[in-house]
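Subject: Handover of a structure and notes on its contents

Dear colleague,

Please find below the structure that I am handing over to you. My notes follow directly after it.

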Amino acid sequence: MGAGADHGVGRAAVVMDLTLSADELAFRDEFRAWIADHHPGSPPSNVEERYYWRLEWLRELNRGGFAAMHWPSEFGGRGATAMLNAVFFIELARAGAPIPANHIATFMAGPTIMQWGTVEQKERYLAPMLRADNVWCQGFSEPGAGSDLAAVATFAARDGDEFVVNGQKVWTSEAQYAHFCLLVTRTDRSVAQHKGLTYFILDMSSPGITRRPLRQLTGESEFNELFFDNVRIPASSVVGEVGNGWRVAMTTLMHERSMIGAGYGIRLRNYLTVVEEHLRAHGLLSDPVVADRFADLEIRTRALELSALRQISEAQARGSVGSEGSILKLMWSETYSRLAEFAIETVGPDALEDGSGWAWEYLRSRASTIEGGTSDILRNIVADRILGLPRAR
Amino acid sequence: MRFTLSEEQAAIRDMAREVLAAESTFERVRIAGEARQYDSELWALQRSMGWPGVAVSERWGGQGLGLVELSVISEECGYACASTPLLGTILAATSLAGAASNEQCERYLPSLAAGEFSGAVALMADTTPVPDAGEAGLIVVLEGSGGHVSLQPAQPVETIDPTLRYGRVVDPSAGEPLNQSSIAYDSALVVVSAHQLGLAQRALDLSVAYTSVREQFGVPVATFQAVSHRLAQAHVELTAARSLVYQAAWAVEVGDSESSAAAARAKSWLAEASRTVTGSAIHAHGGIGFTWEANLHWLFKRASMLGPYLGSARQQRGRLLEMLGTARTSSHETDHS
Ligand SMILES: Cc1cc2nc3c(=O)[nH]c(=O)nc-3n(C[C@H](O)[C@H](O)[C@H](O)COP(=O)(O)OP(=O)(O)OC[C@H]3O[C@@H](n4cnc5c(N)ncnc54)[C@H](O)[C@@H]3O)c2cc1C
């Protein structure tokens, strides 16, 4: 039997195969060579400069034809399989190149508009996203509606062929740069909470919008508060019909979690490698406790990568994205936080000095179990939708 | 890349699940466990279906399938907590296929593949009770630089898991020497991990079913997050487990450069997850869970016995780290050359 010489006998054509297919290899080589020539270098330390640097990276990727692997070609994408998209993320990580900015557009707004948007919306918004001509943010959370998104109170009142919006959003990432916002509002207070929601594309240059950056515990501002004072939105900017906002929002969230799981999950190995190099360089792995914990983190990281690839394969075989993104997002945030804690403990006192990269990761990792749906909410989703347990409230 | 079971592999899984659901009920497991005797009827059935030889080359009378298919069967036997010497026998057959000479294969594999005698695999210098060694006809002892195959009887050991006949090898260096082979050990790790995955998956499925109907405070207990989140977390851990086990099965089968690391990861993860998840299942059932009749203990006990077998989680992590270190050094060397 040996190493498999006899194993291949009589197999059907479609077998488990964890190597890249010819197409995937060809793409990998093409993209790897392209990155080598177009690598954006190392990131600026200022958060705003870093954002624009990553936005420029999106433009560069778009010129190379890599900005939207997973979009159909009719919208300027590459029409690639989810697996090719994973190869894209793997190669970005391998090269130490950043995930491009405007991911709310390319991974969330784009697919949502493709699924629910009108022909005019598709024509108007999709292509400019890839050129980074328009930047997007996600206006879902409110002070009174976080985990309980259906409790959104920001109200959009119909006025002829316009809606007039009043209310407040919070934790809106990248709103300081955004031209458009994916806005979930209430349009009907008389029906069950999640039936009275409507999803809009909001032009951020409309009069009546106030943006206020919020300072995060890292000291930086990624997210913002948004205030709406009689902001007018044309009815043509409704996505997926009045009263259907909940379902449209779920589409966005599903794509968000899959993207975090695949994109960031695959990337976690880079951080692990940095930690490993430090441990080896300082002989810290000779401590058996440190060694054991590191090996455990290595296994968690590999399990996350492999689970991302397995879920992509399964979704591809099934032809749809499901709730499984929640599992990846859970694994990612847990592994990321543990790794950051481990790094702080083992690197030693210097790690917590202001401005240290270790400290930044450590602090930033605190957001991972909250953003994109908290771990508790994701466990609810696993329990309800995947295990089919009776619903908790 | 395609990381899913093929249609054929899924069909093998469904068939095994169906057969075992009918022929390895907990009632049958309990009878076997209480008598401390294998379920001979089930063993005869498994033999008639060719399971001991699933991954043995057709040349030696097997079905010539690979480690992924073998893992599927092993997982399903864990899922059913089957009380037969199949685990030890497929471990022995796989190890021999990896480490024995042609002549040794010819001598032993046909009988193992037919289940004429059962087998077991032990590690040199390891006193962990070996599943299925208690009554095994053939014992393979693996060690770093090779190992031995012998027909010596092992010393039976009564353990907390009476559904398998455990034993300790009396004279590990007795018998004929085997070739050096990491494939033998890696394959064995994968097959055991797959079995542990099955044990844990069963425990989770039972917990989902029970907590969905058991009511307290006027509602199903699964509506309490302390309950549902524990099960959700178990599902996340088993998702990781499944990815690790089947990647390792594939990697060892094709001789991928990562195969030994993959097998070590799978065994490390399953040694812990299998015990945790089967243990949580007992908790999720409340008092009933602690009874003999609830049957959860069979899963928990076997998971506990297989945890340290062939190297504990901690030992696997140690091995993994060494392999990563070596991989790192050799990739640096090639970079510089
Ligand atoms: C860095 C960052 C970026 C973000 N970016 C955006 C963005 O761009 N757009 C946007 O719309 N939002 C964004 N968010 C908001 C994020 O989605 C919310 O913070 C999150 O959904 C939680 O809502 P909340 O903050 O109101 O917390 P709450 O919902 O008040 O939760 C408080 C605690 O209660 C727990 N909890 C709540 N409900 C339940 C339940 N049913 N079961 C069990 N536990 C529960 C939570 O897990 C949490 O621990 C961002 C958040 C962060 C940290």
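I begin with the second largest pocket, to whose lining at least two residues each are supplied by α1 (22–38), α3 (82–94), α6 (245–281) and α7 of chain A, together with α8, α9 (259–284) and α11 (313–336) of chain B. Please note that this is a predicted model. Among the contributing elements, α11(B) gives the most to this lining, with 9 residues. The space in the second largest pocket is about 1,500 Å³. It is lined by 42 residues, of which A:Ile90, A:Arg269, A:Arg302, A:Glu305 and B:Glu258 are the closest to its centre. Sorted by class, the lining of this pocket comprises 17 nonpolar, 10 polar and 15 charged residues.

I turn next to the cavities. Rolling a probe the size of a water molecule over the atoms shows where empty space is left. The count comes to 4 cavities of 30 Å³ or more. In the largest cavity there is about 110 Å³ of space. From chain A, its lining takes in A:Arg300, A:Ala303, A:Met331, A:Glu334 and A:Thr335; from chain B, it takes in B:Gln233, B:Val236, B:Glu237, B:Ala240 and B:Trp269. Two or more of these lining residues come from each of α7 (288–318) and α8 (325–347) of chain A and α8 (225–254) of chain B. The element that gives the most to the lining of the largest cavity is α8(B), with 4 residues. By class, this lining has 5 nonpolar, 2 polar and 3 charged residues.

Two helix pairs in chain B also deserve a description. Two packed helices are described by the angle between their axes and the distance between the axes.

The crossing in which α5(B) passes α6(B) is left-handed. On the α5(B) side, B:Thr89, B:Ala92, B:Ala93, B:Leu96 and B:Ala97 meet B:Cys105, B:Tyr108, B:Leu109 and B:Leu112 of α6(B). The residues of this contact are 8 nonpolar, 1 polar and no charged.

The other pair is helix α4 (residues 67–79) and helix α7 (residues 182–213) of chain B, with axes that come within 7 Å and cross at roughly 40°. That angle makes α4(B) oblique to α7(B). Their crossing is right-handed. Residues of α4(B) that take part in the contact include B:Leu67, B:Leu70, B:Ser71 and B:Tyr79, while those of α7(B) include B:Ser187, B:Val190, B:His195, B:Arg202 and B:Asp205. The contact of α4(B) with α7(B) divides into 9 nonpolar, 7 polar and 3 charged residues.

Yours sincerely

Technical notes
Residues are numbered from 1 along each chain as its sequence is written. Chains are lettered from A and ligands numbered from 1 in the order in which they are written. This is a predicted model: local features need pLDDT of at least 70, side-chain atom pairs count only at pLDDT 80 or more; totals for chains, interfaces and linings use all residues. Side-chain values use heavy atoms; hydrogens and water are left out. A crossing is left-handed if the near helix is turned anticlockwise from the far one by less than a right angle, and right-handed if clockwise. Contact means heavy atoms within 4.5 Å. Ala, Val, Leu, Ile, Met, Phe, Trp, Tyr, Cys and Pro count as nonpolar, Asp, Glu, Lys and Arg as charged, and the others, Gly among them, as polar. On a 1 Å grid over the protein atoms alone, a cavity is a set of points where a 1.4 Å probe fits but cannot get out, and a pocket is an open set with protein on both sides within 12 Å along at least five of seven lines; lining residues have an atom within 4 Å of a point. Grid points are joined across faces, edges and corners, and a volume is the space filled by probe spheres set on the points. Axes are lines fitted to C-alpha atoms, for helices over the stretch in contact, and angles run from 0 to 180 degrees between N-to-C directions. Angles under 35 degrees count as roughly parallel, over 145 as roughly antiparallel, 65 to 115 as roughly perpendicular and the rest as oblique.
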